[in-house]
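Please look over the structure shown here, with attention to charged side chains and to the overall fold. The briefing below is grouped by topic.

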Amino acid sequence: VSCSRKDSSPKEKVLYQTTFDKDDGNWSLDSYDSITVAITGGNYQIVNHKYNYLWEELSKPVFDTLDDHIAMEMRFSMSQDPGADYGGGGLLWGASSGDVAYFFDIYTDGYYEIFGYPDGQTYKSYASEDAGKLVKTDGENVLRITLVDQTLHFLINGSEVYSMKEVGDGL
């Protein structure tokens, strides 16, 4: 998975963005086992050499409340080695102590999933579907979550795939 920043909409107030030209202290650079994490070539790059699971995230929260009319967006590309199981990446929001967290992920097999651990332990799926041609397995993807009128809207490359009543403590 690789992330990079491009210009955001001029109508939006940017609270945080990075060009990944250097470490700004907001992204974890911890590498472990068969996973290499680095900021290189204007990207935040995660290479998983062995396992089919990985968790990386911003090291510092960007939003600490669910104020209405906010959005979180990530642009990234993903690739998969021939013969490897599917992989993917996505956004995490509403994380708090006690392992409460929510996820919006896409995968190299074309599926997306919205899920969470609302009590910190129990997995809860909100949506898991084939996104068809919306997920680009060979190009840049844009995942976006917006909060409007207490409803979270989930978009893949500009197309809304799901909406639901807000959950979590912040985007």
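In this predicted model, the side chains of R75 and E140 meet in a salt bridge with an N to O distance of 3.6 Å, where a salt bridge is a side-chain nitrogen of Lys or Arg within 4 Å of a carboxyl oxygen of Asp or Glu. The pair links distant parts of the chain, since R75 lies in strand 4 and E140 in strand 9, 65 residues apart. Salt bridges that share partners join E73, R75, E140 and R144 into one network.

**Salt bridges**

- A search of the whole structure finds three salt bridges.
- E73 forms a salt bridge with R75, and the closest N and O atoms of this pair are 3.4 Å apart.
- R144 also forms a salt bridge with E73, with the closest N and O atoms 2.9 Å apart.
- That pair links distant parts of the chain, with R144 in strand 9 (residues 140-148) and E73 in strand 4 (residues 70-77), 71 residues apart.
- In general, side chains of opposite charge can pair when their charged atoms come close.

**Accessibility of the network residues**

- R144 counts as buried at 17% relative accessibility, where buried means under 20% relative accessible area, exposed over 50%, and partly exposed in between, with a 1.4 Å probe and protein chains only.
- E140 counts as partly exposed at 25% relative accessibility, and E73 is likewise partly exposed, with a relative accessible area of 33%.

**Fold and surface**

- The protein has zero helices and eleven strands, where helices (H or I, at least four residues) and strands (E, at least two) are DSSP runs numbered from the N terminus.
- Of the 171 residues of the protein, 36% count as buried.
- Among contacts (heavy atoms within 4.5 Å) between residues at least 6 apart in sequence, 44% join residues at least 24 apart.
- The protein exposes about 9900 Å², of which carbon and sulfur atoms supply 46%; accessible areas come from the Shrake-Rupley method with a 1.4 Å probe, and for residues only the protein chains shown count as cover.

**Basis of the values**

- Residues are numbered from 1 along each chain as its sequence is written, and side-chain values use heavy atoms, with hydrogens and water left out.
- Because the model is predicted, local features need pLDDT of at least 70 and side-chain atom pairs count only at pLDDT 80 or more, while totals for chains, interfaces and linings use all residues.
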